[in-house]
Amino acid sequence: TRECAVLLPGVCAALADPRQPGLDDTCLEKLLDWFRSLTWFDPTVELLQDNPCLTELITCVLALPDPSPSILSFALQLAGILASSESRFQHLQQEKLLGRLFGREGPRGGAAWEDASVRSAWVKAVHSMVHHQPALHFLCSTGGMDVIFTLQGDPSLFVASDASQLLVHILTFSLESETSKALSAKDCDWPACAQMIVRHIEESLQSSSASHIEQSLKLLSSLFGSCFGSCYAAWTEVLWLDIAKHIESFLLEETVQAQPVLANLLLNVARSPLFCGTEGSFWALVTSALEHLTPVQAGPLAVGLLKLCKCPQDVRIQALTVLLQPMDCILRAASQPLEYAGLLDESVSDPVTVESLLSSKTSCAGLLCQTLAHLEKLLCLKHLRVDLPSVSLLRSLMTILQFCNGFLSPTSPLGSTISQNLINCFRVQKSALDVLAALSEKKDCDTLIGSLFDVLLAYLHSPNTSPTVLKKTFQATSKWLVHLQELSCSNSQWQQTEKILEDVFLVLQKRLCSPCWEVRDSSLEFLTAMVKCLREQKEFRQCLLSSEVLRLTENLLEDPESYVRASAVTAVGHLAFITCFAPESPVIGNLFNKENMVAKLQEILSTDSEGFPRRAVISTFTTWLREGCTGQLEDTEQFVSRVIQTVEHDLDWEVRLGGLELVEVFCSQTICQLSQCPYTPVSSAVTSSSPQKELLQVFCRAKLFGFLFRSLCDCDKPVGQRACDVLIGLRGHFYPMSALENPQEVEDSPAGRGIAWLQRTLRQGSLAQNFPTDGGDGVDFQDPESMMLALGAIDLLELHDELNKSSDHVEESPQSLLQDILATVGTIKDNEVDCY
């Protein structure tokens, strides 16, 4: 803009002046972002011609005897951004600036190069610049490629990573710009720049330096993981043929320490369309990798292969075998001689390797946690193309959990060692319980369900179970209770189900009285999860009502910890579906009477000092309303009115937002009840009919409009946005196809001046505390006609756009940024910097 063009010379002069204090790096980054957006939309040279101060800035920085790293880094990146188009690149070349920045005479030969931020800026600048052939030729001819190869091994991980990504970009770009289309591997002739990279990779792979080998393998992994592997099939094949023999040798040579990188490389290559078929040497190499990599290294490769659609079935089975080996070892170590068959008929690699890892205190937990995490991922997949041995896997998980809490004393020496390694190992317990929960979806584990609940109940009872492990145990138990209920419905195993439920409620009673608030909180969450899933089941309801759980939950509404009170509110809200809202609700205590329960929760909403319980109450009320549990329309109207009058003055914006969600549900349900066709706007012909008037009267009696219009001016933007959405929805119902009200006609009507004032107030965005109460300035929020006029006349869409604008849409403008920089360096007298 003209304003920015006026400010820019002063900013450039200040940046180039060594006497000025250094600018905050954030300001410089934002300035670079601005130039990126300018150059992205306009590739012409006019930006440089119209603003010579930009080249002058770069020239001045290069002339400084000892520029600061931050300003030198800025100049490098600015030049790279400007040189991203061919015309501006030629302009900077004519000014003889690019050689002094990126060539041999540039910073890369001086003391400034010792600073990692300068090296990083150089790499980023070159990445920005290399988007056309002249930049590519310039880089190759000035020794830039050798610099990038060196920076691959930079001590700064950021610089090394950026250098590797830059090489991927250069290789891909050099092939993009290649005019000859290679049809097969025989036709491929690498362009000059690409050839340099490929030769460097091959030389590094043949070198005796472990770091060089690792750098090249990482580069190859990034390359095959990028669009290169997908878009350049012929070139991919050529590159793979050149390096495959080296990869194979690395897998077989124990002296090479690059195996962890190899797994990632092979997985990225496997994702390439080139290797989708089942033929060829590539999959033989993958099989070799699964055999020769350690179980820890092979795990990520195995799980990645199992997610691929076109992996050959024999490789897929082998990958699954790698993941199951540690679980198989656990099962075999648990008893001697074997009571049950293991998970596997044969192993991929030597079982002794897995046994030694599990026997070691340092590696046992790590291997199991990694294996369990991979198995959980597989169990969560909708379509797994191999069969998991669910029963044996479940048996192995139960064994791990029993090892961890000391409830299993194996007779074999290996089992004894593993058991000692795992005792009280929280990490493994949590991972095993996650897999156990995921396994509940499988239908063929029914024979072990009794033994499984023995293990889960032992964890729920044990005083040694940590709060975090207990929470995971509750989650797994609720999943398996659902499975148990489905099972008992299908084969009439009522007695087993009833016994398990009784045991669960006994331990739940104990945990609800725990001195540890995290345990009480997890217990309430578990109760809520059970009620959600099992409230329709007769056995569950009977066990619940015959236990002390209801009374204990009621007591926890007064808990000293706010998280627990919030969870208790949620639990009580869901228990109400059994105790109050069911067709034949039993009479249980004082609280679980509908009127008392509503009164108690409204008391919490109006008096609790913490936000969490109040949020839980408004969420519970919304759930009840959605489920149709608040009675007839008149009762619901009064209920909603009381709630929003309380919520309106709440200091927690999330509670106010919850009130708006309640209003939205109420409006939707009321419209459905009183309109001819649910969820459908009525035609203009019936707009004035009695259902519409009745709707307005209901909404006005419930005092919805006052709440909604005041919420528009809420100091927390999400509240205003939600209120605006609700009002726009209401307007869409009352004004479906007819034109909106004429503003001039509205102003001339009796209520019009108040509506006009309301429109002006909303445009000013006055805060809610300045908003008048009903009747102020002639606005009657409980008058149906006035509210009909307000919905039709006020420009809610304009207000919606204003509310959705970023709060910093003015402050983050380029003009504001330039003004801030000038203010910082003192060239603007009124030094008030907007430090956004």
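**Helix packing and aromatic groups**

Biologist: Is the crossing of α2 and α43 left-handed or right-handed?

Modeller: This is a predicted model, in which local features need pLDDT of at least 70 and side-chain atom pairs count only at pLDDT 80 or more, while totals for chains, interfaces and linings use all residues. Residues are numbered from 1 along each chain as its sequence is written, and side-chain values use heavy atoms, leaving out hydrogens and water. A crossing is left-handed if the near helix is turned anticlockwise from the far one by less than a right angle, and right-handed if clockwise. By that rule, the crossing of α2 and α43 is left-handed.

Biologist: At what angle do helix α2 and helix α43 pack?

Modeller: Helices are DSSP runs (H or I, at least four residues) numbered from the N terminus, and their axes are lines fitted to C-alpha atoms over the stretch in contact, with angles from 0 to 180 degrees between N-to-C directions. For α2 (residues 25-41) and α43 (residues 814-824), the axes lie 11 Å apart, and the packing angle is about 145°.

Biologist: Which residues of α43 does α2 meet?

Modeller: Contact means heavy atoms within 4.5 Å. From α2, Cys27, Lys30, Leu31 and Trp34 take part, and they meet Pro814, Leu817, Leu818 and Ile821 in α43.

Biologist: How is α1 oriented relative to α43?

Modeller: The axes of α1 (residues 2-16) and α43 come within 10 Å and cross at roughly 30°. Because angles under 35 degrees count as roughly parallel, α1 is, relative to α43, roughly parallel.

Biologist: Which residues of α43 make the contact with α1?

Modeller: On the α1 side, the contact involves Glu3, Cys4, Leu7, Leu8, Gly10 and Val11. Their partners in α43 are Pro814, Gln815, Leu818, Gln819, Ile821 and Leu822.

Biologist: Which residue has its charged end over the ring of Phe577?

Modeller: Phe577 forms one aromatic cluster with Phe581, Phe621, Trp624 and Phe639, where rings of Phe, Tyr and Trp (its six-membered ring) pair if their centres lie within 6.5 Å. A charge sits over a ring if NZ of Lys or CZ of Arg is within 6 Å of the ring centre and within 35 degrees of the ring normal. At 4.2 Å from the centre of the Phe577 ring, the residue is Arg535.

Notes: Rings of Phe, Tyr and Trp (its six-membered ring) pair if their centres lie within 6.5 Å; planes under 30 degrees apart count as stacked, over 60 as edge-to-face and the rest as tilted. Helices (H or I, at least four residues) and strands (E, at least two) are DSSP runs, numbered from the N terminus. Angles under 35 degrees count as roughly parallel, over 145 as roughly antiparallel, 65 to 115 as roughly perpendicular and the rest as oblique.
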